[in-house]
Amino acid sequence: MAKMLVIYKTPADPAAFDRHYFDIHLPLAKQLPGLRRYDVSKQPIVNLSPGEVPYIVATLYFDSLEAIRIAFASEIGKACAVDRRIYAPHDDDAMMLLFDSEAM
């Protein structure tokens, strides 16, 4: 199993972010080819390290890292990337981490 974590900082307008994320982005992302599961954790989130507490952490599950690459090379994957620029327009608004839990 491979996972993709997307960690979002607190947006300037949380209500607008939530509307777009949950009403538009999430339904689009759930159409990614090969997606097995999609979890969303929303504040309150505890940050054990110094720094800003994440606003939302999304965890996407796929069969492999290659499946993630294929999903985001698809038309839906490209649409997700374009859409993310609408509700999280800056590169530092979200951090994306990919890892293969089978290799651990």
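Helices H1 and H3 lie roughly antiparallel to each other (an angle over 145 degrees), because their axes cross at roughly 175 degrees and come within 10 Å. The structure is a predicted model, in which local features need pLDDT of at least 70 and side-chain atom pairs count only at pLDDT 80 or more, while totals for chains, interfaces and linings use all residues. Residues are numbered from 1 along each chain as its sequence is written, and side-chain values use heavy atoms, with hydrogens and water left out.

Helix H1 covers residues 14–29 and helix H3 residues 75–87, helices being DSSP runs (H or I) of at least four residues and strands (E) of at least two. In the contact between them (heavy atoms within 4.5 Å), residues of H1 including Phe17, Tyr21 and Leu28 meet residues of H3 including Ile76, Cys80 and Tyr87.

Within H1 there is a kink of about 40 degrees, centred on Tyr21, where the bend is the angle between axes fitted to the seven residues ending at a residue and the seven starting there. Tyr21 is also one of the buried residues of H1, buried meaning under 20% relative accessible area with a 1.4 Å probe and protein chains only. The buried residues of this helix pack against strand E1 (2–8), strand E2 (37–42), strand E3 (56–62) and H3.

Helix H2 (residues 65–73) and H3 have axes that come within 4 Å and cross at roughly 75 degrees, which means that H2 is roughly perpendicular (65 to 115 degrees) to H3. Ala71, Phe72 and Ala73 of H2 make this contact with Glu75, Gly77, Lys78 and Cys80 of H3.

Methods
Axes fitted to C-alpha atoms, helices over the stretch in contact; angles between N-to-C directions. Parallel < 35°, antiparallel > 145°, perpendicular 65-115°, else oblique. Buried < 20%, exposed > 50% of the residue type's maximum accessible area, 1.4 Å probe, protein only.
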